[in-house]
Amino acid sequence: MKSLKIKWIVGIVIMIGAVAIVLNFFDFKKSDIHSPSTELSVINYIPRDDDSAFLTQPRKISFVDDTLIYVSDIINSKIMIFSINGDYLFSIGEKGHGPGEFMNQRNIIFDGDQIIVNDPRNRRIQFLDKQGKYISSFRTNYNISEIEIANNSIFSFIEYDLFENVDQYPLITVFDYDGNIVNSFGSHLLELPNAPSILSRCIFRVYKNKLFVLFKYYPILHIYTLDGELLAELRFENSEYKSLIEANYKKETFANPTHVTSRYLFFAFDVNTDGIFISVFTSDITIDQYDFDGNFVRRYYKKHNNRIIYVTDLRA
């Protein structure tokens, strides 16, 4: 039987009045492909209960050589570094607008010996070394909510104004490391006319020279070549998904621009040799596995226990 290991971060946790982050490592076996679900078991929490370190709002993480964990805390505008065993080691950055400072930074991506940090409130992408020393940066005209890298290029999703007509813009904008736009492609996904641009927000992963783009508000995934050719569209036919986001399909949801009640469906996802893993926005930890044709394989779950609130990222 094949054993599969997935790592991801979960939080937020309340400990004696302090808000902390926890990181879980889950091991599970694909022992019975006909079984609809498998319960996850917690192996480790990071930080540990006896650690004074905590984060206020974890957003993204990166694992380095299976020994270090870099966690982006967007409220404190810091990157916190832990050992794989949960020991707090040091932090990078602080709130501000100068070199090596952040304003609600998001993605942390490693490329060799440098870290690429998405710093959207400052409208820039920063390059740092692993110890946090500033190397360079470039400015962007808009906030960028998501980035991924491949072939010395940065693939990005730009956040436009809520009711801006995004049909005139590409879904993905590609920068080189000097900040020049070298490509753009894809169409925004708005299932209803006059729907706000937020409903087209997406997250993505590069796997085997393909860009997998998962829309957060609808159960739809697009697969592109790195040059921008659309290869496939997967629509996950799951009645539970649609029941969670019924308002996203109703015109009246968007009738009042000051009170939009749309709901996002997915937190994060990963793509690896075992398929596509998607974390669903529910009260419990819920991760659904699909094959590369979009067929459901299995659900992995962990019941809510007043400690684990939500999944924010995952890595194979």
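## Exercises on salt bridges and a sheet

In this predicted model, the side chains of Arg-299 and Glu-240 meet in a salt bridge, with a distance of 3.0 Å from N to O.

**Exercise 1.** Find which elements hold Arg-299 and Glu-240, and decide whether Arg-299 is buried or exposed.

*Solution.* Begin with the positions: Arg-299 belongs to strand 23 (residues 296-302) and Glu-240 to helix 1 (residues 239-244), and the pair links distant parts of the chain, 59 residues apart. Next, turn to the accessibility, for which buried means under 20% relative accessible area. Arg-299 has a relative accessible area of 17%, so this residue is buried. Glu-240, at 27% relative accessibility, counts as partly exposed.

**Exercise 2.** Work out which parts of the chain are tied together by the salt bridge between Arg-205 and Glu-146, and name the network to which these two residues belong.

*Solution.* The closest N and O atoms of Arg-205 and Glu-146 are 3.8 Å apart. Arg-205 sits in strand 16 (residues 202-207) and Glu-146 in strand 12 (residues 143-150), so the pair ties together parts that are 59 residues apart in sequence. Finally, salt bridges with shared partners join Lys-60, Glu-146 and Arg-205 into one network.

**Exercise 3.** Locate the two loops that are tied together by the pair Lys-130 and Asp-113, and classify each residue by its relative accessibility.

*Solution.* The structure holds 11 salt bridges, and one of them is formed by the side chains of Lys-130 and Asp-113, at 4.0 Å from N to O. Lys-130 is found in the loop between strand 10 (124-129) and strand 11 (134-139), while Asp-113 is found in the loop between strand 8 (108-111) and strand 9 (114-119), so the pair ties together parts that are 17 residues apart in sequence. Lys-130 counts as partly exposed because its relative accessibility is 22%, whereas Asp-113, at 62%, counts as exposed.

**Exercise 4.** Describe the open sheet formed by 4 strands, and identify the bridge partner of Val-71 in strand 6.

*Solution.* First, write down the order of the strands, which is 4-5-6-7, with antiparallel pairing. The edge strands are strand 4 (58-64) and strand 7 (88-92), each of which pairs on one side only. Neighbouring strands of this sheet are turned by 20° against each other on average, with direction ignored. Then look inside the sheet, where strand 5 (residues 68-73) and strand 6 (residues 78-83) run antiparallel and are joined by 6 bridges. The partner of Val-71 in strand 6 is Met-80.

Note on methods:
Residues are numbered from 1 along each chain as its sequence is written. This is a predicted model: local features need pLDDT of at least 70, side-chain atom pairs count only at pLDDT 80 or more; totals for chains, interfaces and linings use all residues. Side-chain values use heavy atoms; hydrogens and water are left out. Two strands pair if DSSP finds at least two bridges between them. Axes are lines fitted to C-alpha atoms, for helices over the stretch in contact, and angles run from 0 to 180 degrees between N-to-C directions. Buried means under 20% relative accessible area, exposed over 50%, partly exposed in between (1.4 Å probe, protein chains only).
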